[in-house]
Amino acid sequence: MDKIPSQADYDEAYYRSHCGGLNYDRSEPHWSRFFGLIAKHIANELRPRTVFDAGCAKGFLVEELRKLHIEAFGRDYSEYAIGDMPQALQAFCEVGSIADPITGTYDLVTCIEVLEHMPEEEGVRAIANLCSASDTILFSSCPDDFTESTHLTVRPPLHWLKLFQANGFGPRSDYDASYLCPWAMVLERRQTVVTDEELRAYASHVLSLIEHSRQLHQLHHDQAIKLAQAQEDDGRLLREVRADLERELLAVSARHESELIAASARHESELLAASAQHEREMLAASAQYARELRAASALAGVARQEVDELNSNAVVLSQQLIQRNKELELIRQSTSWRLAAPYRGIGHQLRRAIHVARVLPKIAKARGGYAPLFKSGWRILSTEGVRGAVKVWRRANVGTTASITGSGIGSLGSDYTAWLEAHANLDDKGRQAISAQVARWRNPPLISIIIPVYNPDLPWLEEAITSVRGQLYPNLELCIADDCSTVPGVKEFLEREAAKDKRIKVMYRSVNGHISEASNSALELATGQWMSLLDQDDLLTEDALYYVARAIVDDPDLDFIYSDEDKIEKGRRFDPYFKPDWNVELLRSHNMACHLSTFRIDRVKAIGGFRKGFEGSQDYDLVLRFTEGLSVDRIGHIQRVLYHWRVHSNSTAQESSNKSYAAVAGQKALCEHLERLGVDATVEVLPTGMYRTHYRLPQQLPLVSLIIPTRNGLDLLRQCVTSILQKTDYPAYEIIIVDNNSDDPETLAYFRDIAANPMVRVERDEREFNYSALNNRAVELSNGDYIGLINNDIEVISPNWLAEMIGLAMQDGVGAVGARLWYPDDRLQHGGVIIGLGGVAGHSHKYLQRGVPGYFRRAELPQDLSAVTAACLVVKKAIFREVGGLNEVDLKVAFNDVDFCLKIQEAGYRNVWSPYADLYHHESASRGLEDTPEKVERFRHEIAYMHARWKTHQRPDRAYNINLTLNHEDFSLAWPPRTSGDPSFAS
């Protein structure tokens, strides 16, 4: 081009014809997909919080980055381009030249196919401005397109590299930006001088990528020609074969017709003969039936005589009972009975009073105090009456000796049928309250329910659709995609259902594409802002979408919502899965969100919907991709069963092994998820169908300082240290034994001997026993980057215990990591800590027998928890120091580990418990019981501190569910659930 381009050169005609043959407009879906892919690469690999797009054109990249919650801004020379973008987007983009200074600084600047449009001197200024605005730049400029009329400065890669070099920038040779184009590159600010040799080598690399791309393009072009020729040859051959088949078919048809006539005549004669034979057999059977009827009548006479005799006996017994009642009444009217009445009443009431006095404080503590308890009691009394209140009282104080059953759920208080009868009692008054609340909402969200259908059991599908049509929340649409069902009657059934309710939309796929493609077809019908998933044979509770919509109305910033679920078979509900709040580590073992899942629909479409190739785990793959980059506060959990998963022979609700292909697809989805997050790990499919994530350790292993406080206790200490030294397969550790005033001669001799081991040292601390202070001082004396707090009564079981814990502790965002600890008799001592159990905190699944999986296998799956015990805890030293270590002022002995973990959680980290770090715990055998007045008083102060600092008697634990009890440690049901203000306790 001879002249510098002006505004008139970048008008509508330019964008319609100068962008690779495609209209550069939002009516062309290619551009959103193209820039959406670039945005995902940027978000996942470069991870900026803020981006400036230099030469943003119509703002496609800015728009896609903002969909991924990245603060993106842009500038473009074309007034037409800025004016043509959506009004909401114009607030983030401006008209102007990048040769002018850029205000502010950003995590990333992108400059894509811009500088070749500028005069060279302006390009030099532009590069200086880009380099002033960020330390990282994603850049591309076509090196050989001289035909484009607005290209003024077409230069090879080395030219641009030298200009960036002059501003202190060099290329990131380890980063592949070819998702943008073959000549794209990422440049970063360097502290050292970038050499010409490095630039030439990198430029040569880029040129080789360009050449490789050209060769691939030519290869594709050649293959397309060959494919077209092959298709033409195949078409001609197909026509010839079809003609031959038609001739053969006519001949076969003629032969078949003559054979059919002959067969018909034979069949008619055989039918007449069979009819005669059947008539003879019916006459014989009729005579036999008459004989049997006469015999049965005779037996009936005998039976009537026996019945008359029994009735006579009943009359005699009734008279005897009347006589006994008269005698009993005479006793009750006697003087001695009346005189003893007050004593009997006093005794009965005294026993009841003693029972109430014993049980009531425990229940009040579990409910967060007497005020919440009485409030809950009044609500039950007003909704369920005296009988209902009595039933709940009896359930709530069944005792404190509930045993763990084979499923890992407490045998007391876990009758789900009785629990539902007591609490899932939504009545007409409650339904009216829901309708009234919905009517007050200004902008109730439209929820699109997605059902992919293939060869359904029609009565079950009808029940599923009826559960949607019967929703108390009306602002919904049901989007059904039939995946080319082969069972007769499916289309006619769906047409009838759609005719009943205008909210039902149905589309019929012409080819079977399996569940992912069918789900995407149903998604295309959706016009709502939100999408909920429903399988063709499952059911929703009538209030399901009300609670979903209420969550959206209460928190408009949510992007993803999931609920609890149960199973249903022949009308019987069972196996409720009362889930934790969002739990990263548990999600890496199975799809803990599952049903009912509700997604913000524009984000679903932005990430490409359901992916083909993940059938059976397509919803798990969607959850993993959808939640990448979402903060926890944008994920909602409704702690209420809203979804019934139907159990039948082919459902994964019945047995995960029924769909082994689903487990393999889930493994693939999880592997790709971890890869996108930059987590170096492998995924194993367990025999249960769950997954185990193995985090790889670096070649240079970090040093772990294992701190073991002790006072005497030689046998336990020696067992602990010996098991670590002999069984631990992680080599990079040191052991620091903190000797707190040991005076046993044998123990002191052991200290002298063991200190000769280069991996062990003994530090004397002569202060009075203060568990927190002992560990805090030892941390400051340690050499490791990671700290392991170890009780002296621990004994190693699994050799990989420390490798497992370090693998977790090294992950981004992880704070404390806890182990699974067993009593010596192989009952579980520590499966993680649940806040609120017993009023402060308690151990998950305590006393569970080894081999029993626990509540929904939570005793054998890694998971995020609020706290883990310091009997065996690993944490990065920097985090230990960041939160101030253990509290040695207020929590000298008890609850210091719980407080420490809650401080870590408060600082933004997640604490993780792993069952794959297996050890025995002989539980505080060297310190004894809290059995002196001083110890009891100290323990009371520690409880008071936890209540005051953390409200442990009131705060809900994100890793636990309000429908599970706080009275026991066995995940049994809460009587009643800790809900408040809802039309019913449960659904």
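Strand β4 (residues 108-112) and strand β5 (residues 136-140) of this predicted model run parallel and pair over four bridges; strands here are DSSP E runs of at least two residues, helices are H or I runs of at least four, and both are numbered from the N terminus. Two strands count as paired if DSSP finds at least two bridges between them. Within this pair, Cys111 faces Phe139 of β5. Both strands belong to an open sheet of seven strands with mixed pairing, in the order β3-β2-β1-β4-β5-β7-β6. Its edges are formed by β3 (93-95) and β6 (169-171), each of which pairs on one side only. Neighbouring strands of the sheet are turned by 20° against each other on average, direction ignored.

Two helices lie across this sheet. Helix α6 (residues 120-133) lies across β1 (50-54), β4, β5, β6 and β7 (185-189), and runs at about 155° to β4. Helix α7 (residues 157-165) lies across β5, β6 and β7, at about 15° to β7. For these angles, axes are lines fitted to C-alpha atoms, for helices over the stretch in contact (heavy atoms within 4.5 Å), and values run from 0 to 180 degrees between N-to-C directions.

Residues are numbered from 1 along each chain as its sequence is written. Local features need pLDDT of at least 70 and side-chain atom pairs pLDDT 80 or more, while totals for chains, interfaces and linings use all residues, and side-chain values use heavy atoms, with hydrogens and water left out.

Further along, strand β24 (residues 814-822) is mostly covered, with nine of its nine residues buried (under 20% relative accessible area, with a 1.4 Å probe and protein chains only; exposed is over 50%, partly exposed in between). Strand β30 (residues 910-921) pairs with β24 in the parallel sense over seven bridges, and Trp822 sits opposite Tyr920 there. Strand β29 (residues 872-876) pairs with β24 in the antiparallel sense over two bridges, with Val874 as the bridge partner of Val817. Strand β25 (residues 828-830) is also antiparallel to β24 and joined to β24 by two bridges; here Leu821 has His830 as its bridge partner. The hairpin of β24 and β25 has five residues between the strands, and Asp826 takes a positive phi near 65°.

Ser448 lies in strand β8 (residues 447-453) and counts as buried because its relative accessibility is 0%. Leaving aside neighbours within four places in sequence, Ser448 contacts several residues, including Glu477, Cys479, Trp530 and Met531. Gly528 is also in contact with Ser448, whose side chain reaches the backbone nitrogen of Gly528 at 3.0 Å. The C-alpha atoms of Ser448 and Arg503, 55 residues apart along the chain, are separated by 9.5 Å.

Definitions and conventions
Polar contact = N/O pair within 3.5 Å; in protein donor to acceptor, adjacent residues only side chain to side chain.
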